Amino acid sequence: MPHIDKSFQNDTIFVMKRTTYKSIAEELGVNVKTVYRVMNHDASVKDATRRKVIEALNRHGYFFHDAGCREKIIFDVGGSSYLEYQAMALLQRLPTEEMDISVSNHHQDLKGFLKMADSARTVVFFSAPTLEILSLVREANPDILRINVFGYSGGDIVVGPDNVAGGKLAAEYLYRAGHRKLAVYSSGSVPGQFLRCRSFLMEAELNMQGVSVEKFICEKPTDLLLKFFERKKLPEAVFSTCSWYAYQLYSAAIMRGLKIPEDLSILGYDGPVQINGVEEDNLDYICDSPEHVLAWAEYYIRKRPLVNGRDTVSTLTGVHLEKRGSVQSFN
């Protein structure tokens, strides 16, 4: 079993105060008792007033709807098999009898997606939406709640792993092990990976004396494999921001007769990869917890927190280190 260092496993949550029922009543120009009657499903409240109060309650984060009315929720899924897998895992956890859930893919049918968003209460992104897409959804439906899962930025609620903490932990681990000549191997186009890379570089530059870091960064890091191993002198250790890239580095090193970690220390991210159904678990990894991300996403879907003022609420789940012996210690 790998050794798990949970010293950095902290979930960071930024929350805001909830608007009061009295404030909502004043905003709508009704008595606060009317708000309470709507919440108690009092049939004496006029339909127009009921709809107005329910819209305000939802807009201010109270996640309220008529009894027997199923919330219309869109799961926008696409962009990677990883996001698709996580979206399906969350869908299986939600009570379909209480929610009217539709699945879309704005990458393939933007017009159809925006038409669905026009009448939905919530859209859950497992598709790494751009700020432009998020703005288009807001224009289509000003009251919709936009939950961005694994998307890293933008939306009313963002839920994902703390990639900045992960990059920092990677740099600290290699430094504590005595490594001073480092390399980082990363995609420059995948937001999460680039955040890890940038955090790693910043930590090394600002807080680690005597450390040098070579950068192997491009859209497809696999294109840099030959460049990495053609060098006359390899770095002491390399941090790969993705488990698949780390495995490719490991395989290429073994094919060249190198010993891990004696000739090269390798630190990956995201945990072991599956090769032909077998888990390759011989590398050290910085790991996050997708289960925690999905649990928080489910919470926000069910509870619909306050998003007054359209400030983004961010929940960042913790990271930890798993050691399997691919990083040599000089201490």
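In helix α10 of this predicted model, the buried residues are Ser243, Tyr245, Ala246, Tyr247, Gln248, Leu249, Tyr250, Ala252 and Ala253. The helix covers residues 243-255, and its 13 residues reach 18 Å from the first C-alpha to the last, close to the 18 Å expected at 1.5 Å a residue. Just past α10, Gly257 takes a positive phi of about 80°. Pro261 sits in the loop between α10 and β11 (265-269).

Helix α3 (residues 47-59) also has 13 residues, which should span 18 Å at 1.5 Å a residue; its end C-alpha atoms are 18 Å apart, so the two agree. Its buried residues are Thr49, Arg50, Val53, Ile54, Ala56, Leu57 and Asn58. What covers them? Part of that cover comes from α1 (21-28) and α2 (32-39).

Ala128 has a positive phi near 50°, and its place is the loop between β5 (122-126) and α6 (131-140). Phe150 has a positive phi too, near 60°, and belongs to the loop between β6 (145-149) and β7 (157-161).

Now for the charged pairs. Side chains of opposite charge can pair when their charged atoms come close. The whole structure holds 8 salt bridges. One of them joins Arg93 to Glu298, with the closest N and O atoms 3.1 Å apart. Arg93 is in the loop between α4 (81-91) and β4 (99-104) and Glu298 is in helix α11 (residues 290-303), so this pair ties together parts that are 205 residues apart in sequence. Arg93 is partly exposed, at 36% relative accessible area, whereas Glu298 is buried, at 13%. Arg302 joins in as well: Arg93, Glu298 and Arg302 are linked in a network of salt bridges.

Arg146 pairs with Asp156, and their closest N and O atoms are 3.2 Å apart. Arg146 is in strand β6 and Asp156 in the loop between β6 and β7, 10 residues apart. Both are buried.

Finally, Glu172 and Lys168 form a salt bridge with a closest N to O distance of 2.4 Å. The two are 4 residues apart in helix α7 (residues 163-176), so about one helical turn separates them. Glu172 is buried, at 12% relative accessible area, and Lys168 is partly exposed, at 32%.

Technical notes
Residues numbered from 1 in each chain as written. Predicted model: local features only at pLDDT ≥ 70, side-chain atom pairs only at ≥ 80, totals over all residues. Heavy atoms only, no water. Expected span 1.5 Å × (residues − 1). Buried < 20%, exposed > 50% of the residue type's maximum accessible area, 1.4 Å probe, protein only. Contact = heavy atoms within 4.5 Å. Salt bridge = Lys/Arg side-chain N within 4 Å of Asp/Glu carboxyl O.
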